[in-house]
Amino acid sequence: MDLAALKTQLKNFVQSMFEEGVLDNQFSQIQALQDSTNPNFVEEVITLFCNDAERIINEINRNLGYQNVDFSNLDSYVHQLKGSSSSIGANRLKLACANLRQASDERNKEGCLQAVQLITCEYCLLRRKFQALLHLERSIVELETNQK
Amino acid sequence: MVMAASETKFHVLAVDDTLIDRKLIEKLLKTSSYQVTAVDSGTKALEFLGLHNNDHQDVEVNLIITDYCMPGMTGYDLLRKIKESSSFKDIPVVIMSSDNIPSRINRCLEGGAEEFFLKPVQLSDVNKLRPHLMKRTQTNVNKRKAMDEIVSPDRTRARYNELEVN
């Protein structure tokens with residue numbers, strides 16, 4: 001596939017993520033910050049985000065595994081995940097966090113477990129799409145480098 | 001005696017416990033041509049400024065931008081410590097938060113913060129920083145000239161006095 005076609009494919013792919021509400025405008029802001037001085041910026045941010053999100057989701061699950069759930073601890077983790085999601089523009093994941101926040105506020109363990117399932121779903125979807133996005137980005141960089 | 005010529009770039013100290021947010025704010029600031037030091041806690045921010053040491057490091061920081069919600073020392077706590085320090089109270093402080101809570105915003109502004117940014121912080125927010133920095137530059141130049149003119153026989157004592165919290 002030629003460079004122009006790859007770039008169009010990437011653009012359309014990101015656009016579809018916006019349309020599905022998976023990503024919001026904040027992600028465009030992050031893309032706009034990538035430049036020649038920092039050509040891997042988007043990839044670095046995505047990697048940081050995914051590592052962080054997985055760590056937090058694991059902690060949340062661990063917390064919910066206890067007989068007596070420490071809800072204030074849980075609150076702190078949800079807050080972190082919601083913040084990170086917001087920072088990268090992960091719109092649906094951010095909204096899923098709000099569900100967990102509510103259930104945690106209500107000290108509703110069952111509600112929390114359900115909310116975490118949704119969060120995990122949204123995160124897995126997002127990660128798959130990010131992986132596809134990065135694959136396209138890397139192909140583009142490779143082609144651009146070869147053309148020089 | 002003339003002070004060393006000021007650097008062309010303003011130096012911003014960014015404080016945020018979240019790795020991704022630290023990366024973002026650093027990039028936003030660098031894109032806006034600021035020199036950046038990013039730390040992950042209020043304690044580290046104070047250490048960088050030299051508030052923990054009696055041995056006064058001459059670190060030039062022109063603005064501090066800090067997250068509000070941090071474990072241990074919050075952004076508000078950091079703001080108050082800066083404003084209560086005779087050495088650093090004139091450094092403009094900006095607070096960032098993901099929560100839009102009017103009482104929190106008011107408390108920060110009343111506590112001496114110049115601006116309160118809602119996260120995620122955008123380039124348009126960072127553009128609002130420059131006026132606060134430009135305003136300070138002239139004040140600092142005047143202050144340093146005044147200090148140079150004061151002849152103090154006991155410079156050590158004067159230094160410790162500066163570090164006392166009122």
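Reply: Leaving out residues up to four places away in sequence, Pro120(B) touches Gln26(A), Ser86(A), Ser87(A) and Asp125(B), where touching, or contact, means heavy atoms within 4.5 Å. The model is predicted, so local features need pLDDT of at least 70 and side-chain atom pairs count only at pLDDT 80 or more, while totals for chains, interfaces and linings use all residues. Residues are numbered from 1 along each chain as its sequence is written, chains are lettered from A and ligands numbered from 1 in the order in which they are written, and side-chain values use heavy atoms, without hydrogens or water.

The peptide bond between Lys119(B) and Pro120(B) is cis, with omega at about 0°. Most peptide bonds are trans. Pro120(B) sits in the loop that runs from strand S5 (115-118) to helix H5 (123-126) of chain B; helices (H or I, at least four residues) and strands (E, at least two) are DSSP runs, numbered from the N terminus. Asp21(B) is 99 residues away from Pro120(B) in sequence, yet their C-alpha atoms are 8.2 Å apart in space.

More than any other three residues, Ile20(B), Lys23(B) and Lys27(B) contribute to the area that chain B buries against chain A, with 42% of it.

Lys27(B) also takes part in a salt bridge, in which its side chain meets that of Asp35(A) at 3.6 Å, N to O. Between chain B and chain A, two salt bridges are counted (a side-chain nitrogen of Lys or Arg within 4 Å of a carboxyl oxygen of Asp or Glu).

On the chain A side, His79(A) is part of helix H4, residues 71-88. With residues up to four places away set aside, His79(A) touches Arg101(A) in chain A, and in chain B it touches Cys69(B), Ser98(B) and Asp99(B). His79(A) counts as partly exposed because its relative accessible area is 23% (buried is under 20%, exposed over 50%, partly exposed in between; 1.4 Å probe, protein chains only). An unreviewed UniProt entry annotates His79(A) as "modified residue: Phosphohistidine"; annotations may be inferred rather than shown by experiment, positions follow the numbering used here and feature names are shortened. UniProt also places "domain: HPt", again from an unreviewed entry, at residues 38-133 of chain A. That span is 85% helix and 0% strand, and its end C-alpha atoms are 18 Å apart.

Chain B has seven helices and five strands, in the order β-α-β-α-β-α-β-α-β-α-α-α from the N terminus on. Of its 166 residues, 40% count as buried. Among the contacts in chain B with a separation of 6 or more, 64% are between residues 24 or more positions apart. Thr66(B), in strand S3 (residues 63-67) of chain B, is buried, since its relative accessible area is 0%. Beyond its neighbours within four places in sequence, Thr66(B) is in contact with Val15(B), Gly75(B), Leu78(B), Val93(B), Val94(B), Ile95(B) and Met96(B).

Backbone geometry also picks out one residue in each of two other loops. Ser33(B) has a positive phi near 70° and lies between helix H1 (19-31) and strand S2 (35-39) of chain B. In chain A, Arg107(A) has a positive phi near 55° and occupies the loop between helix H5 (91-105) and helix H6 (109-147). Most residues other than glycine have a negative phi. Ser33(B) is partly exposed, at 39% relative accessibility, and Arg107(A) is partly exposed as well, at 45%.

Definitions and conventions. Buried area is the accessible area (1.4 Å probe) that two parts lose on being put together, summed over both.
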